[in-house]
Amino acid sequence: MEEVCEGKDFCFPSQEEVILSYWHQIDAFKCQLNRTQNLPEFVFYDCPPFATGLPHYGHILNGTAKDIITRYKLMTGHHVTRRFGWDCHGLPVESEIDNKLGIERRQQILDMGIDKYNEECRSIVTRYVDEWEKIVTRTGRWIDFKQDYKTMDSKYMESVWWVSSELYKNNLIAKGFKVLHYSTGCKTHLSNFEADENYQVVTDPEVMVAFPIVGDPDNAAFVAWSTTPWTLPSNLALCVNANSVYVKVLNKYSGEIYVVAESRLSELPTEKPKSNSANRPSDVAFRVIADNFVKDDSGTGIVHCAPAFGEDDYRVCTKNQIINKDEKLIVAVDEDGCFTGEIADFSGRYVKDADKDIIEAVKAKGRLVKHGTITHAYPFCWRSDTPLIYRAVPSWFVQVEKLKDQLLENNKQTYWVPSYVKDKRFHNWLETVKDWAISRSRFWGTPIPVWISEDGEEEIVVDSVATLERLSGAKVSDLHRHNIDHITIPSARGPEFGVLRHINDVFDCWFESGSMPYAYIHYPFENKELFEKNFPGDFVAEGIDQTRGWFYTLMVLSTALFKKPKNLICTGIVLAENGKKMSKRKKNYPSPTQAINDYGADALRLYLVSSPVVRAGTLNFKKDGVFDVVKGVLLPWYNAYRFLVQNAKRLEHEGSVPFVPIAVTVLQKSSNVLDQWINSATRSLVHFVGEKMDAYLLYTVLSINHHIRLEFPFLVVPYLLKFIDNLTNIYVRFNRKRLKGHTGEEDCRMALSTLYNVLLTTCKVMAPFTPFFTEEEGKKGERIEESVTRMMRIIDLARNIRDRHNKPLKTPLREMVVVHPDEDFLDDIAGKLREYVLEELNVRSLVTCKDTLKYASVRAEPDFCVLGKRLGKSMGAVAKEVKAMSQEDILSFEKAGELVRKFKHPDGMTDKEMDGAGDGEDINAILIGDLFLLKWKSFRFTSSDVLVVLDLRQDESLLVAGIAREVVSRIQKSRKKAGLEPTDMVEVYFESLDEDKSVIQQVLNSQENYIRDAIGSPLLSSDSMPPHAVVVCEEVFRGIYNMSFKISLVRREALLFKDNAFVASYAAG
């Protein structure tokens, strides 16, 4: 049996590296997959990350959750295919290339050539793949990087084509002209959920502009309010709210008459304007329309409408036939966010930069009523960090609004962890769902497989490479734009109608990742049976931000194609220690590699998975928290293992047969109460972990007690930590004598085998692995578990009494009384558990008592604060009756509720001689019937509560026993100071330093057997120490019960060398 070092010398990170090397050597992951290939399939979907950046704690969190679930499922009888995936297309990649090449305008890409641009994008997609594999593997996650999938692979892209063609066949894809959030930095519009990713508080201009009313007898003007002056040149209408009251108001300085909402009069300026003029409206536009989107809590209650640059503007203008729906709108802003030639005065200017000049132009025309600034939250592009604008663009849409009812129903059938995300956040998102714009006017992505004739009358959606090759006659090897844009399809109507050409758009990368369940296995072109047998997948896990991202796109596509829901774990956000977003630039968090190198991946995994972040909460990451897991969970666990190895080696060292664990079936029949208890507790652990893992409740299984350090924001009762604490601080501690062989070899082997079995089972559970026990087997040890729990409470209460009276555990006490009404519990305490209680508390005698009033009294007092308000003048009479209640009267209420008792000293005793402590919380008031509220200040009996009474009086025999325990304690401390292992045999010599040596000698003689059992050898007199003894430790102790003595530890069978012989040998040359 190999050596095990002390916990303080054990390096978890270094040992993990050894294990990783071993896994690699035996190809453990592949071997595991091969062994389970004929078992039922458990399918999980892994959202592909971008490899253009390094993994952060959010990636590690989700990867850990996925690894735990998939390991558990594999170990419980499933085959789990785990392939890593990469998101390769879209803005993250294009933005990097734009920055690298200094591209600021779309035309620069066209001038460069789409082929060259796309190949530049391809070149950086796998930049950090090696680093990802290294970090993910180091966290202990088993997943296949060699058989990975990439969204830029032709097979993956072909499946995306199939998805879009199926939606098209089901009339769920349409082309439309809609106003969407547009990123001028990335030159493309964004999905509605992307637009919500990056709101920032900014200061923008706000203006009030006069719009003269044609034909008004008072020459009045509407005053409209806007925070986007750059949209004024595209104005086509004004909008009011039909439910608001509007008034004409005279400006006493200028004589101008304005029309505003009555509730917004205070917003009009009081200074005199400098000039005035008017514009003429056209026949269709430039009129007032009404809609409820206009509010009277800001501005003037009138808004101007530029339908090309506002979602509501577009809607109300089409509703009122100012423009026609889906017609090609004049959009006076190009893809780069600059005015086109339609706005001659500002052509080529970036719209946000033109705000000031437009305000000046309005002012010059005499239309500026008021201007200033407003501070508000405004959406920015999540990638380029530039302000978004609304811009009308032609786009292809998935008509999600048609699926709304189905989506809501499927969400009800979907199992979410935590459930409130399903019922609130995701449900609310689906309630307001809008059609999903899936096209992007970009270059690096899966091209939308649509070919359209020049007259727009003929349209084909291609579903596969084979279809495209058949229709076009061209050979296709890659599906990116630069390889298919040139391919044409002859018109089915005849040569005179020309050819169909490919449109210029690519898919939103969210559409690609949402197609992952089909595309990563190239469905329906391959793996058809595998997919259809196992769809939908059993499990997905991502961050809460994906409720509007990947979770949403998965749900939309699976509902549209197969009408099936999924199972999800939704995690939260990992923040820096100060609660801010983690930032590489600010360096406000330790790198994952650093945390792993310092404390190990196991500790990091447990820290993350046990936190509120697995319940969709937030975690302020603290590196010290990872250390707390090492200190509070891993080290105690390791030390229990070390104790097992040390004592198993001791058996071998003493010449016994080498330690071989006893069969589990035999262990279950052990008559030792603590063996029965820990075996039962282990079965309960196994049952609990299995139940919670099957429900995907990781945080319940692996909650860490963050009371370890009070700086943690989440306080949970930890099942695992409680179990490990019970194992080390109850089973191991209370069984020291048995485990060290002091109760005989047979009993020692039973205890060691029990500890071995418990540690082995715990390792399997935490692998994770759960051996299946029936529910009945899990219940067998409930009583003994409850009794041991009560025993620990008895010990805690007795310690509290000792602390109150300054009686350390080394001081023996005469007697303790345990009071409780449950006979079974008292039988356990007086029988199976008696020796453990007496030894742990250093008490000579234990007495049980069922009569709960022998050491307690009950008394009733009225609660004047509560009853005074209710009874008024009757309070005095009621108080008198309450105080006069007999104990029998009060006890009659016990059947109806709780009864609270106060400790009662035996006759003639003081609290210095005998004291008691009771379980249960103090309570301030108890309702008696409908009238009396009684106040109590003591303890109460329930099924789990107990009263402990200690006899604190001292006598000569107790004093002698106390001295002996002190001597043994000093010897054990000297062994530890000398660095001795339990198997290191030494002789212990004792020398009294007192003038009167007879007192201590009498103590040692009377306690000889106790001392020998405790230290494993007789205590020898210093007079018998050999003159050449090798002393490994020698210490002097003073003031122990007013005594002083010296302890010497001497190495047995030491070899002694003659100095003179060595000197003579060297002198001879």
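Begin by selecting Asp27, which lies in the loop between helix 1 (12–26) and helix 2 (28–35); helices here are DSSP runs of H or I of at least four residues, strands are E runs of at least two, and both are numbered from the N terminus. The structure is a predicted model, in which local features need pLDDT of at least 70 and side-chain atom pairs count only at pLDDT 80 or more, whereas totals for chains, interfaces and linings use all residues. Residues are numbered from 1 along each chain as its sequence is written, and side-chain values use heavy atoms, with hydrogens and water left out.

Although Asp27 is not a glycine, its phi is positive, at about 50°. Most residues other than glycine have a negative phi. Asp27 counts as partly exposed because its relative accessibility is 38%; buried means under 20% relative accessible area, exposed over 50%, and partly exposed in between (1.4 Å probe, protein chains only).

**The whole chain**

Zoom out for a moment. The chain has 39 helices and 39 strands, and 53% of its 1069 residues count as buried. Among contacts (heavy atoms within 4.5 Å) between residues at least 6 apart in sequence, 77% join residues at least 24 apart.

**Helix 3 and helix 24**

Select residues 57–75, which form helix 3, together with residues 673–694, which form helix 24. Their axes come within 11 Å and cross at roughly 115°; the axes are lines fitted to C-alpha atoms over the stretch in contact, with angles from 0 to 180 degrees between N-to-C directions. From helix 3, display Ile68, Ile69, Tyr72 and Lys73, which meet Gly690, Met693 and Asp694 of helix 24. By class, this contact comprises 4 nonpolar, 1 polar and 2 charged residues. In this classification Ala, Val, Leu, Ile, Met, Phe, Trp, Tyr, Cys and Pro are nonpolar, Asp, Glu, Lys and Arg are charged, and the others, Gly among them, are polar.

**Helix 7**

Next, select residues 129–138, helix 7, and show its buried residues: Val129, Trp132, Ile135, Val136 and Arg138. These buried residues pack against helix 1 and helix 3, both visited above, and also against strand 2 (83–86), strand 3 (144–150), helix 20 (592–599) and helix 21 (601–609). Helix 7 is followed by Gly140, whose phi is positive, near 90°.

**The cavities**

How many cavities of 30 Å³ or more does the structure hold? There are 3 of them. A cavity is a set of points on a 1 Å grid over the protein atoms alone where a 1.4 Å probe fits but cannot get out, and lining residues have an atom within 4 Å of a point. Grid points are joined across faces, edges and corners, and a volume is the space filled by probe spheres set on the points.

By class, the lining of the largest cavity has 7 nonpolar, 2 polar and 5 charged residues.

For the second largest cavity, of about 60 Å³, select Ser164, Tyr168, Ile173, Trp396, Ile438, Ile448, Pro449, Val450, Val461 and Phe507. Here the lining has 9 nonpolar, 1 polar and no charged residues.

**Lys404**

Proceed to Lys404, in helix 12 (residues 404–413). Is Lys404 buried or partly exposed? Lys404 is partly exposed, because its relative accessibility is 26%. Leaving aside neighbours within four places in sequence, Lys404 is in contact with Leu430, Glu431 and Val433. A distance label between the C-alpha atoms of Lys404 and Asp435, 31 residues apart along the chain, will read 9.9 Å.

**Two cis peptide bonds**

Most peptide bonds are trans. Now display Tyr523 and Pro524, which are joined by a cis peptide bond with omega of about 5°. Pro524 lies in the loop between helix 17 (516–519) and helix 18 (528–534). Move on to the bond from Phe535 to Pro536, which is also cis, with omega near 0°. Pro536 is found in the loop between helix 18 and strand 23 (539–543).

**Thr811 and Asn842**

Finally, select Thr811 in the loop between helix 30 (782–804) and strand 27 (813–819). Thr811 counts as buried because its relative accessibility is 12%. Not counting residues up to four places away in sequence, Thr811 touches Arg802, Asn842, Gln954 and Tyr1041. Of these, centre on Asn842, in the loop between helix 32 (834–841) and strand 28 (843–849). Asn842 has a positive phi of about 55° although it is not a glycine, and Asn842 is buried, with a relative accessible area of 10%.

Key:
1 Å grid on protein atoms, 1.4 Å probe; cavity = no way out; pocket = protein on both sides within 12 Å on 5 of 7 lines; lining within 4 Å.
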